[in-house]
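Dear colleague,

I am passing on the structure below, together with notes on what came out of going through it. Please read the notes alongside the coordinates.

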Protein chains: 2
Amino acid sequence: MKKFINDPKDVVTDYLIGLEAAHPDVVRFDAESRVLLRARPAFRKVALVAGGGSGCEPLHTGFVGHGMLDAVCPGAIFTSPVPRQIIAATEAVDAGVGIVHIVKNFTGEVMNFGMAQEIMAFEDITAETVLVKDDVSVPDDDSSAGRRGLGATVLVEKIAGAAAERGDAVEGVVSIARHVAARARTFSVGLTSCTPPERGQEIYAMADDEMDLGIGISGSPGRDRVPIAPAGDIAEILLDEVLADLRPDSGARVLAMLSGLGGTPESELYVLYGEVAARLRAAGLDPVRSLVGNLVTSLEQQGAALTVLELEGEMLALWDAPVHTQALRWGM
Amino acid sequence: MKKFINDPKDVVTDYLIGLEAAHPDVVRFDAESRVLLRARPAFRKVALVAGGGSGCEPLHTGFVGHGMLDAVCPGAIFTSPVPRQIIAATEAVDAGVGIVHIVKNFTGEVMNFGMAQEIMAFEDITAETVLVKDDVSVPDDDSSAGRRGLGATVLVEKIAGAAAERGDAVEGVVSIARHVAARARTFSVGLTSCTPPERGQEIYAMADDEMDLGIGISGSPGRDRVPIAPAGDIAEILLDEVLADLRPDSGARVLAMLSGLGGTPESELYVLYGEVAARLRAAGLDPVRSLVGNLVTSLEQQGAALTVLELEGEMLALWDAPVHTQALRWGM
C-alpha cells in the first residue's frame, strides 16, 4: 500500500494533527471530542456545522474558518460521524442565535445527525437541517435512499457561511443554503478505484481502458462502466447529465465547479474544465465563476465531478465574500 | 491510459486554454507565442519570467499574477521551453526597468534561457538570471550537472515577486531572489512513477512495498530505492537530508513547504506534515509558515517533497504580502 500514513487506525487523527500544525491561525483540533473548530471562535453569529466520512478532504475539514464553517465532526474513513461527535461540535459553537447542520444525503449521515438533534432537543438546543442531494446519477424519487450529497455541499457551505458571517438571522442562512442546494447538480466520472487504509487494497478493479460514470464518493462504484473517452466527450457527458436535470434559464449565470477526486493532476482538471466551459457557453450559459481543484475527493481516486450552480439572488455576492479556510481563501 | 486529455500532442495547449477559461481575471494565454501572461499587465515594475517543462503544474503557470510572475513559457511535457518562447515571454512583459529570469538548474533549461539571453543581447535587452538548485539528493559539486531546481522555485517566485510588485529595483529583486535560493533546500520521496501522455505508459516500474528517495521532477528515478516506511520515519528521512545541508541557525524561523507530486491526496500530505512539524520543533526550529499541497508535481505521481527555507531579513514580510494567482492567493 503506497500511502503516507502511520498506523491505518490513526490516519484521521494524524491528518487532523497535521492540519492544525499547518494552519494554527485557522483551525483547532479538539482531540478529545474529535471535532475541528475555528482557531478563533466567531461571536454571536449563526453556527454552521457539517461532518461526514473522512477520506473526502478537503471536504469538510478544509472549509472550517472565517466565512464558512464553524465546526466539523469527521467520521472514520468513509464512515459517518457518530451522534456524540455531532453534539460536541454543535455545542462547541452554539452562540445562542441559531445552528445550521449541513447534511449530505447518505443514510448514515442523515440518521446520525437526526439522532444528535433528538438528543439535543432534551436540552432545548434546536438545529436546522439543510439537506444536500445534488447527485443526478441517482433518481430523485423513492426508488432508493435518494440522491447523494456531493459537490453542492461546498457551494452551500461557502454561500451560507458568508450569509452567517455578515450576521444574517438563522432563517435567512437556512433559506439561502436551501436555495443553493436546490439550484446545484453534480455528475461524476471515475477512472480508478481507491484504497482505504484499513482495507489495504483497492475496493474494486477496473481495466486500463474503462471509466465509471455516475460514481459517488467513498469509493462507491458507478452507474455505468464504459470505455474511456477523450476529455471533450467526457465533458459533454458530464454537462448533459447535469443540465438535463438542472434546467437553468437561458442565458443564466452559473458557477461551474470541477473537483478532482484526489489522484488526478491539476493539469488534467483544467483540460477538462476548458472543454466544460466551451460547452457551457455553447449552451447559452455564462460561467461567471469557476472552482477547479481537489474539493470533494475519495482518497487517491482518479476522476472528476462537475457541479453546476445557477446563480440566483445574492448567491454571487456571497460567493465573492471574503473567506479564509485551509482550502478556500480570498479577500483576506 | 487513465487521463482527462484529448490528443496527447495537444495536452499542454488544452491545459492552458482551460486555465485561462477558469481564471480570465488572472491569466491570458497567448497561443501564438505559447506564453502565459498576466491578464492585467503590471506597469513599470521589474518583470519576472520563468518557464520549464510542463507536467509539473501548478509550477510555473499557476504562479502567474499579482505578486508573483509576469510571464511563463511552458515547454512540452517534461521538456524545457525553446529560446523563441523565452524571448516572446520576456519581450511581452519588459517594462524597461529590469527583467529577472528564474531558472531551475536543469541542463536544457539553463541552456535555452542562456541562448535566449544571447539573442536578446543583440537588441540590448538584458535579463538577470536567478538560478535555483535546491535538491540535496545531488552533490553540490562538479561531479554532475549539479543540483536540480525543485520546490525552492516557488518560494523564490513568491518572495521576489512581492519585492518586484512593491517597486523594488532590479538589483534588489535579484538580491532577495538569490538569498531565498541560497537558504532553501529540498528532498523528495516517490511512491509511484508517472505516465507522460505521449509515452502512454509508466516511465519505470516499482513494487507495491517500495519507495524512491531523492527523486527529482519529470519522472526521473530516485537515488535510493528502499522499503516503504511509516509517515513518521519518512518525515525523519526528509528532514535529516534537508537540515544536514541547510544547517539553519539554532532557533531559526523557517517556512516548511510540503508539496505533493500530483497523485497523493491532501490528507496524506497533512499526515506527513504533522510529523515534519513536530520534528522541526524538536530540532529547535520554529516553523512559522507552512505551505502544504500540490505545488511542484510530476503528473499523477504519488509522493512528496519537503522544502525548508530559513527565513532571513525581509523574507517573511514578502511571503505574507498579497498574492493573486491560480495556485496561491491571499490578502486580495
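**Backbone and fold**

With a relative accessibility of 25%, B:R34 counts as partly exposed, a class that falls between buried (under 20% relative accessible area) and exposed (over 50%), with a 1.4 Å probe and protein chains only. This is a predicted model, in which local features need pLDDT of at least 70 and side-chain atom pairs count only at pLDDT 80 or more, while totals for chains, interfaces and linings use all residues. Residues are numbered from 1 along each chain as its sequence is written, chains are lettered from A and ligands numbered from 1 in the order in which they are written, and side-chain values use heavy atoms, with hydrogens and water left out.

B:R34 sits in the loop between β1 (27-30) and β2 (35-38) of chain B, and it has a positive phi of about 55° although it is not a glycine. A positive phi of about 55° is also found at B:F78, again not a glycine, in the loop between β4 (71-77) and α2 (83-93) of chain B. Helices (H or I, at least four residues) and strands (E, at least two) are DSSP runs, numbered from the N terminus.

In chain A, the loop between β3 (47-54) and β4 (71-77) holds A:P58, which is joined to A:E57 by a cis peptide bond with omega about 10°. A:H60 lies in the loop between β3 and β4 of chain A, and a cis peptide bond with omega about -15° joins A:L59 to A:H60.

Chain A has eight helices and 14 strands. Its radius of gyration is 19 Å, close to the 20 Å that the globule rule gives for 332 residues, so chain A is as compact as a globular protein of that length; the radius is taken over C-alpha atoms, and the rule is 2.2 Å times the number of residues to the power 0.38. The C-alpha trace of chain A spans about 55 × 50 × 40 Å along its principal axes, and buried residues make up 62% of the 332 residues.

**The second largest pocket**

A pocket here is an open set of points on a 1 Å grid over the protein atoms alone, where a 1.4 Å probe fits, with protein on both sides within 12 Å along at least five of seven lines; lining residues have an atom within 4 Å of a point. The second largest pocket is lined by 32 residues, and A:T192, A:E202, A:Q302, B:E202 and B:Q302 lie nearest its centre.
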